[in-house]
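Me: Take me through one spot in this model, please. I'd like a close look at a single side chain and whatever it packs against.

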Amino acid sequence: MFPRGEDGYAINLNQVEPGTSNQINKTVSAMSFYAYRLMVRSTENRLLNYRQLLHQYLVDMYAKIQAERLLFIRLNQKKLRVDEYIHLKEDAIKNDSDPANNGKLVILPSTFTGCPRNMHEYAQDAVTYVRHGGKPSLFTTYTFNPNCKEMAQNVTNGQSKTDRHDLVARIFRQKLIKFMNVLIEGQVFDSV
């Protein structure tokens, strides 16, 4: 994948000024690094032509990004002020009374996607929407046609649509936002 032996991501990789190539005293996040690697450019991005190998690369790099996020949370518990979450510590001790399981307590903030506190927040938001807006009276589903013109315009070099999950996700998001704006404005559904 990298025939010239380009360096990968490192946690202490410094940012570079765009015009001068001077290093700045800020580090690059893993998400920014890999987003840059996946960017579609006017010059060919070879990485996007690797098909199933690209999929494996993306999964591995996402795991690396999550590991970096978890490391940050583990090392910055004081900055995240987890000491103020007294009730969480009490619940953990009460629910797991086995002393062999006690170790260093690491509390995930509710901003960490997929953690129980994050899911609980989403559930509470849903209840609040129902309380203020009433029961939902419209259920909308939106499906994506992978044979749309935007997909055909952006797939290159004999790629199939299943080789470019990034494109499917980006185009689906754009179309969904357009659909939601039309729905909110009360326009005719056929204009999407």
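Reply: Skipping neighbours within four places in sequence, Arg 37 is in contact (heavy atoms within 4.5 Å) with Phe 2, Glu 6, Asp 7, Gly 8, Asn 45, Leu 47 and Tyr 57. This is a predicted model, so local features need pLDDT of at least 70 and side-chain atom pairs 80 or more, while totals for chains, interfaces and linings use all residues. Residues are numbered from 1 along each chain as its sequence is written, and side-chain values use heavy atoms, with hydrogens and water left out.

Arg 37 sits in helix α1 (a DSSP run of H or I, at least four residues, numbered from the N terminus). Its relative accessibility is 16%, so Arg 37 counts as buried (under 20%; exposed is over 50%, partly exposed in between, 1.4 Å probe, protein chains only).

Now the helix pair: α1 (residues 30-38) packs on α2 (residues 52-75) at about 160°, the axes being 9 Å apart. The two are therefore roughly antiparallel (over 145 degrees). On the α1 side, Ala 30, Met 31, Tyr 34, Arg 37 and Leu 38 make the contact, and α2 brings Leu 54, Tyr 57, Leu 58, Met 61, Lys 64, Ile 65 and Glu 68. Sorted by type, those contact residues come to 9 nonpolar, no polar and 3 charged (Asp, Glu, Lys and Arg are the charged ones).

Over on α2, the buried set is Leu 54, His 55, Tyr 57, Met 61, Ile 65, Gln 66 and Ile 73. The cover over α2's buried residues includes α1 and α6 (165-185). Tyr 57, then, is buried in α2 and is also one of the contacts of Arg 37.

Conventions: Axes fitted to C-alpha atoms, helices over the stretch in contact; angles between N-to-C directions. Parallel < 35°, antiparallel > 145°, perpendicular 65-115°, else oblique.
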